[in-house]
Amino acid sequence: MVSFSRYRELPPLFDAHIHLTHALDGAYPDHFSYFTNAASPDGWAAILEVKHPGVLPFIGIHPECGSGPIDDIGWGEHLNELEELAGTHHIGIGECGIDNRFYQSFTKQEQGELFEVQIAIAQKYHKPVTIHHVHAAEMVISLLKRLSVDIPFIVHGFYGSLQTAKRILDLGGYLSISTNLLRSSEKFKQIAAYIPDDRLFIETDYPYTFIPAPWADYSYAEILYTWYEQVSRVRQIDILELLDIVLRNGTVFTNTTSAR
């Protein structure tokens, strides 16, 4: 089970993409808010067991898992289960998407088919979606256009160009940025400053987090806080103002109410 701790010296931060059921030796601050993701049917039950008012679970099939854990009974049964859960639980769908690193084991066409079905389930039950893509922006954007997607969706861990960012924003999408952007200081400054206030999310993708060398000994909470600090400096606003922006986007995205 996930353990929550009271890390009260930090403000109530919001992490838009995390895997709470991983790295269970760590404790997560109980006054933070989280969009927590399960990338495989193997993890759906654990995600749904996380009972915390600040946690919204997202369940889906990540492209890395499409040719792995679901092979035992095939896509159909798992997708039927996903649809049943979408109809009966307060959840989001994801993370799902397309990743060209796995094309040899799970073809581009197969990934597209699996992604499309998950989007269709989200559309049917009006669920928000978390989208993963690596070097597949054109395919993802084309699919979202073709399906006339009208539900809230996040492209998580965004690391694309300003042009790609604009195309996603024009479709009504949100962009969530992680510390992975710090691999390129120029890209970080461009993207972090470009995303409009009402489409911005902040995430860690913990425990799959890029950790800069100076942060090597930081706890999860310190990583997230320092990342908020970095983004607030680029946007030239106070960190608490940035937090209010991201929290407000979280309530709009999920059609819920919350306050700092």
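Buried means under 20% relative accessible area, exposed means over 50%, and partly exposed is in between (1.4 Å probe, protein chains only). This is a predicted model, where local features need pLDDT of at least 70, side-chain atom pairs count only at pLDDT 80 or more, and totals for chains, interfaces and linings use all residues. Residues are numbered from 1 along each chain as its sequence is written, and side-chain values use heavy atoms, with hydrogens and water left out.

**Exercise 1.** Find out how Tyr28 and Tyr220 pair, and which parts they tie together.

Step 1: Get the rule. Rings of Phe, Tyr and Trp (its six-membered ring) pair if their centres lie within 6.5 Å; planes under 30 degrees apart are stacked, over 60 edge-to-face, and the rest tilted.

Step 2: Apply the rule. The structure has 17 aromatic pairs. In the one between Tyr28 and Tyr220, the planes make 75° at 5.5 Å centre to centre, which is edge-to-face.

Step 3: Tyr28 sits in strand 3 (residues 28-29) and Tyr220 in helix 7 (residues 220-235), so the pair links parts 192 residues apart in sequence. Helices (H or I, at least four residues) and strands (E, at least two) are DSSP runs, numbered from the N terminus.

Step 4: Check the burial. Tyr28 has a relative accessible area of 1%, so Tyr28 is buried. Tyr220 is buried too, at 5%.

**Exercise 2.** Classify the pair of Phe201 and Phe253.

Step 1: The ring centres are 5.6 Å apart and the planes are at 80°, so Phe201 and Phe253 pair edge-to-face.

Step 2: Phe201 belongs to strand 10 (residues 200-202) and Phe253 to helix 8 (residues 239-254), so this pair bridges 52 residues of sequence.

Step 3: Both Phe201 and Phe253 are buried.
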